[in-house]
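I opened this notebook to keep track of what I looked up, entry by entry, for a reader who is new to the structure.

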Amino acid sequence: MKSQYHHCAIIFLFQLTVYSSASQNDDDHVDLSLSKQKQKSIQTANMNNSTHPRMIRHEDDLERMVSEHKACSSMPYPSISCHMNTTCVYGNQTIAICKANVDCLGENTFAKNLTCRFCYQTEFWEYKCEKKICNSAASPPTYYRTNCTVNRDVLCLGRRTFLKRMRCNWTGGHRWSTALILSITLGGFGIDRFYLGHWQEGIGKLFSFGGLGVWTLIDVLLISIRYLGPADGSLYL
């Protein structure tokens, strides 16, 4: 009996050893397969990154990519820098020697024709100015000084940003047609005055029923000739 027990125990230990070895081999095989898959994924990602075009992270990168497909002579500021002839006669045509600061097609140095004038002498459609809030309905008209910058495609002498005296002509969004319609239909309740921002006069018209109609007629006349405008001093749209 003892010999049989010993024989069974030896067989059981042998089978346990074989099973453990097989399990370890399977785990190693699984780890090896996962490692190969991971390496393959990394290689695929690297290949995709190498074949994809460069990513655009900033507006400068976008402008640089666009400039590579444009002729150097058609590039605007600040993509080019030009040497002007400061001795030219005002109003005459002159030539500026320009050089592209970015990658572009054609010659990097080229000549461009321009009218001899300083940047502050350009036409009003060739520059943009910073708008300021002011009293547009004042009499006589009021003016203010603001910074103006010429458009990127305009060539001129001197500084591209300059001070200019502008007439006050800003608007707060009030429409003349709307104010006139309100004055004719609901002016007896002061709605036209409320619309234009004249709150005190609007309350007076409301409680006096439009000054018994007299005030209403006067406001209709004043709005129709644009004498009565928005309370903030802006112009009608």
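I began with Asn 151, which counts as buried because its relative accessibility is 17%, where buried means under 20% relative accessible area, exposed over 50% and partly exposed in between, with a 1.4 Å probe and protein chains only. I noted before going further that this is a predicted model, in which local features need pLDDT of at least 70 and side-chain atom pairs count only at pLDDT 80 or more, while totals for chains, interfaces and linings use all residues. Residues are numbered from 1 along each chain as its sequence is written, and side-chain values use heavy atoms, with hydrogens and water left out.

Asn 151 lies in the loop between β5 (143-150) and β6 (161-167); strands here are DSSP runs of E with at least two residues, helices are runs of H or I with at least four, and both are numbered from the N terminus. I then listed what Asn 151 contacts beyond its neighbours within four places in sequence, and found Trp 125, Glu 126, Tyr 127, Lys 128 and Arg 160, a contact being heavy atoms within 4.5 Å. For Tyr 127, 24 residues apart from Asn 151 along the chain, I noted a separation of 5.2 Å between the two C-alpha atoms.

Next I turned to the sheet, an open one of three strands in the order β1-β2-β3 with antiparallel pairing, where two strands pair if DSSP finds at least two bridges between them. β1 (80-83) and β3 (109-115) each have a single partner strand and stand at the edges, so one side of each has no neighbour in the sheet. Between β1 and β2 (residues 93-100) I found four bridges, and Cys 82 stands opposite Cys 98 in β2.

I then looked up the largest nonpolar core, which has 16 residues, with Ile 80, Cys 82 and Met 84 among those with the most contacts inside it; such a core is a set of buried Ala, Val, Leu, Ile, Met, Phe, Trp, Tyr and Cys residues joined through side-chain atoms within 4.5 Å. β1, β2 and β3 are the elements that give two or more residues to this core, and β2 gives the most, with three residues.

My last entry concerns Asp 219 in helix α7 (residues 214-224), which is buried, with a relative accessible area of 1%. Leaving aside neighbours within four places in sequence, Asp 219 is in contact with Ser 183, Asp 192, Arg 193, Lys 205 and Leu 228.
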